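Student: I've got this one open on my screen. Walk me through it, please.

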Amino acid sequence: MTKSSLQMLVISLVLLLVQVVVLNRICLFGIAVPFAFIYIILRLPLTLSKEWIFTIAFLIGLMVDVFSDTGGMHTLGCLSIAALRRPVLHLYFPREDELTDPFPSIHSLGMPIYFKYAFSLSTLFCIIAFILEELSFFRIWHLAECIVASTALTTVLLIGIDSLTLPRNEKRL
């Protein structure tokens, strides 16, 4: 097992534990819920096969669903962002062969492109999660508030987590 794989495994376990134990109980102002665990899916290497990406995304979503009692909401969101992460990345960074590192990060993509990438996928995840949670469009303004606030909070968390995982010789944000 390589050093980067081992580091990613440790980060994944810590993020899953923090999500289940701490972040699932946080609801800022009654509308914003942080979803830091999707960082694991965003950070999967681009060289990984689709089958592995979907398997990992399914297991991550399933673990959060089991411990949060949410009935597949996180699993569907994780599978959706796993399916769309490469096309979303190609929207902002069309030349994949110019990447210095197969792991999408602030270091390999640059801050503006990574921000767009993280924002797009966290928006998609929040839309799916909150529509499945509500199962109704009667409170459309509340639904929109939850999606916008949770997307903003999740994006800030994703950028913060990624800036903390930069190599030691790199400059931090």
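Tutor: One term before we start: residues are in contact when they have heavy atoms within 4.5 Å. This is a predicted model, so local features need pLDDT of at least 70 and side-chain atom pairs count only at pLDDT 80 or more, while totals for chains, interfaces and linings use all residues. Residues are numbered from 1 along each chain as its sequence is written, and side-chain values use heavy atoms, with hydrogens and water left out.

Student: Okay, what is L44 in contact with?

Tutor: Leaving out neighbours within four places in sequence, L44 is in contact with I53, I56, R85, P102, F103 and P104.

Student: And where does L44 lie?

Tutor: In the loop between α2 and α3. The numbering runs from the N terminus over DSSP runs: helices are H or I with at least four residues, strands are E with at least two.

Student: Does L44 count as buried or exposed?

Tutor: Buried, because its relative accessibility is 7%. The cut-offs are under 20% relative accessible area for buried, over 50% for exposed, and partly exposed in between, with a 1.4 Å probe and protein chains only.

Student: What about R43, buried or exposed?

Tutor: R43 is buried too, since its relative accessible area is 12%. R43 also lies in the loop between α2 and α3. Apart from neighbours within four places in sequence, its contacts are M8, D101, F103, P104, S105, D162 and T165.

Student: Switching to the core. How many residues does the largest nonpolar core have?

Tutor: That core has 45 residues, and F37, L42 and Y114 have the most contacts inside it. A nonpolar core here is a set of buried Ala, Val, Leu, Ile, Met, Phe, Trp, Tyr and Cys residues joined through side-chain atoms within 4.5 Å.

Student: Which helix gives the most to this core?

Tutor: α6, with nine residues. At least two core residues come from each of α1 (3-21), α2 (39-42), α3, α4, α5 (106-109), α6 (111-134) and α7 (140-164).

Student: What does F37 touch?

Tutor: Not counting residues up to four places away in sequence, F37 touches L15, L16, Q19, I60, V64, H74, C78 and F125.

Student: Now packing. At what angle do α3 and α4 pack?

Tutor: About 155°, with the axes of α3 (residues 50-68) and α4 (residues 73-92) 7 Å apart. Axes are lines fitted to C-alpha atoms, for helices over the stretch in contact, and angles between N-to-C directions run from 0 to 180 degrees. The two helices are therefore roughly antiparallel to each other. The angle classes are roughly parallel under 35 degrees, roughly antiparallel over 145, roughly perpendicular from 65 to 115, and oblique for the rest.

Student: Is the crossing of α3 and α4 left-handed or right-handed?

Tutor: Right-handed. That label applies if the near helix is turned clockwise from the far one by less than a right angle; anticlockwise makes it left-handed. Among the residues making the contact are F54, A57 and F58 of α3 and C78, L79 and A82 of α4. By class, it has 12 nonpolar, three polar and two charged residues. Here Ala, Val, Leu, Ile, Met, Phe, Trp, Tyr, Cys and Pro count as nonpolar, Asp, Glu, Lys and Arg as charged, and the others, Gly among them, as polar.

Student: How do α6 and α7 pack?

Tutor: At an angle of about 140°, with axes 8 Å apart, which means α6 is oblique to α7. Their crossing is right-handed. The contact includes Y114, F115 and S122 of α6 and T151, T154 and L158 of α7. Its classes are 14 nonpolar, seven polar and two charged residues.

Student: Is S122 buried or exposed?

Tutor: Buried, because its relative accessible area is 0%. Beyond neighbours within four places in sequence, S122 is in contact with I38, T151, T154, T155 and L158.

Student: Last topic, backbone. What is phi of F29?

Tutor: Near 60°, a positive value in a residue other than glycine. Most residues other than glycine have a negative phi. F29 lies in the loop between α1 and α2 and counts as exposed because its relative accessibility is 81%.

Student: And phi of D69?

Tutor: Near 55°, again positive in a residue other than glycine. D69 is in the loop between α3 and α4, and its 72% relative accessible area is why D69 is exposed.
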